[in-house]
Amino acid sequence: MESDPQAGPFRKVLLLEDAYDNDKNRAALDEALPQWNAGEPYDVIWHDRERLWHIARGLVEGKAVVDVDDLEDVILERWLRLKKNPEGRPLDAPALEAQRFEIDRLRAGHSEVAAAADMLVFTSELDSAKFAFPNSTVVPNTYRREEETGQDTKDHALDEGDTILFQGWHEWPPNVDAATWFVEEVFPSIRDRCPQARLLLVGKPSQAVRELGTVPGVHVVGEVPHMQPYLDRARVMIAPLRVGGGTRIKILEGFASGIPVVSTSIGCEGLEAKDGVHLRVADQAEEFSHSVIQLLEDGEMRHSLATHAGILYKKQYAPHAANEAIRQLIERMTA
C-alpha cells in the first residue's frame, strides 16, 4: 500500500510492481485490498483496461466498467495486412499463422469480458458498433490544451522553413512505421515542391526513428518538456499511421491548437471528422504528399480546415464532452 496522494482526483493509490504479470498482480491485490479499502463496497469499479479487469475481477464488490481501448486484435490484424509482426519485422508463414491465432484469442477475450462486466466503454461509435456488445457505451477521447509556459524553446529548427509536425511516442512500433513510411515514401515529393519544408519528429524516439534524422529536412527532436512551442509553429500536423486502434489524441491536439491535419484513414478513424472539412485524409503516398503540399501553399485552406476542426473539437472532444459522458454512465450504473 502506498501513502495517500497529496493532490489529484484519487483518494488512495495502490501500485503494482509488474503490470504484465497477471497472476502475481492478482495475488498482490488479494493480499492488499482487505487492508487497503477495509472491505468497503463500491457503487462502480472502473477498470481502465481489459487486462486490469482480468487481474482484479471479483476481488472488490461493485458493478464493473471496463475500458476497451487497447484493441490489440485490431492492431495485430493491421500488422498482418503489412505482413509484419508487432515490432514491425517481416513475418514468415508460421509466424503469420501464429499471429492469426493470437487475433482470434484476443477477440474471444473481448466476448469474455463483455459477458461478465456490467458495462464496456469504447472511445468511438465506430468501435462500439464493430463489436456490437449490448452492454457498451462511448466515452470519447479528449485533449486539454497545454497552458502557456511563458518559456520559448531553443530548437532552431522551428525557425526554418515550413514546419510539418508528427508528435507521439516514437518508440511505439505503429508510430515508428508511420514515421518511416512518411520519410521514405512521402517526404521526398514534398521537398521537391517545397524545399524549405521541415519535418519535426517530437517524442521519445526509437533507434530507427533517430536514424531518420540523417535525411535532409528531417529533425528528430526527441522528448520535450512542453509541446506548445512546437504546436504554435507547426504549419501542418500529420498522422500517417498504417496501424492502430481506437482514436488518436494527437489529432485532437491539432484540432485544439488550430493546426490543419493530414491523416491516413486509420490515423483518424473513430473521429467524427470529414475529409475536406475538418482535415485531409490520404492513404497513398502520392495523395498524402499532395495534401501536405496544398496545405503548405494555401493559407486559406489551412484556415478553413483549422476553423472547422476547432469547432468540432469544442463540441465533441473538449474535456466537458468526456466528463458529461462519464457522468451519464455513472448515473445509469447507479440508478
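This report describes strands, a helix, aromatic pairs and single residues of one predicted model.

Residues are numbered from 1 along each chain as its sequence is written, and side-chain values use heavy atoms, with hydrogens and water left out. Because the model is predicted, local features need pLDDT of at least 70 and side-chain atom pairs count only at pLDDT 80 or more, while totals for chains, interfaces and linings use all residues.

**The sheet β1 to β4**

Helices (H or I, at least four residues) and strands (E, at least two) are DSSP runs, numbered from the N terminus. Two strands pair if DSSP finds at least two bridges between them. An open sheet is formed by 4 strands in the order β1-β2-β3-β4, with parallel pairing. Its edge strands, β1 (44-47) and β4 (136-138), each pair on one side only. On average, neighbouring strands of this sheet are turned by 25 degrees against each other, direction ignored. Axes here are lines fitted to C-alpha atoms, for helices over the stretch in contact, and angles run from 0 to 180 degrees between N-to-C directions.

Within the sheet, strand β2 (residues 63-67) pairs with strand β3 (residues 119-122) over 3 bridges in the parallel sense. Leucine 120 in β3 is the bridge partner of valine 66. Helix α13 (residues 319-334) packs on the sheet and touches β1, β2, β3 and β4; contact means heavy atoms within 4.5 Å. The direction of α13 makes about 135 degrees with that of β1.

Strand β8 (residues 236-239) is covered on both faces. Val236 and Ile238 are buried on one side, and Met237 and Ala239 are buried on the other. Buried means under 20% relative accessible area, exposed over 50%, and partly exposed in between, with a 1.4 Å probe and protein chains only.

β8 is joined to strand β5 (residues 162-167) by 2 bridges, and these strands run parallel. Methionine 237 in β8 has leucine 165 opposite. Together with helix α9 (residues 249-257), β8 and β9 make a right-handed β-α-β unit. A crossover is right-handed if, with the strands pointing away from the viewer, the path from the first strand over the helix to the second runs clockwise.

Threonine 264 lies in the loop between β9 and α10 (265-268). This threonine 264 is buried, with a relative accessible area of 2%. Leaving aside neighbours within four places in sequence, the contacts of threonine 264 are Trp181, Ala239, Pro240, Leu241, Val281, Ala282, Asp283 and Phe288.

**Aromatic pairs**

The whole structure holds 5 aromatic pairs. Rings of Phe, Tyr and Trp (its six-membered ring) pair if their centres lie within 6.5 Å; planes under 30 degrees apart count as stacked, over 60 as edge-to-face and the rest as tilted. Two of the stacked pairs are tabulated below.

| Pair | Centre distance | Plane angle |
|---|---|---|
| Phe122 and Phe131 | 5.5 Å | 20 degrees |
| Phe131 and Phe133 | 6.1 Å | 15 degrees |

Phenylalanine 122 and phenylalanine 131 are both buried. Phenylalanine 131 has a relative accessibility of 16%, and buried phenylalanine 133 has a relative accessible area of 16%. Elsewhere, ring pairs link Trp181, Phe182, Phe187 and Phe288 into a cluster.

The buried residues are Asp73, Val74, Ile75, Leu76, Arg78, Trp79 and Leu80. They pack against α4, α5, α6 (173-193) and α10.

Lysine 83 follows α3 and lies in the loop between α3 (72-81) and α4 (93-116). Although lysine 83 is not a glycine, its phi is positive, about 55 degrees. Lysine 83 is exposed, with a relative accessible area of 57%.

Alanine 132 also has a positive phi of about 55 degrees without being a glycine. Its place is the loop between α5 (125-131) and β4. At a relative accessible area of 56%, alanine 132 is exposed.
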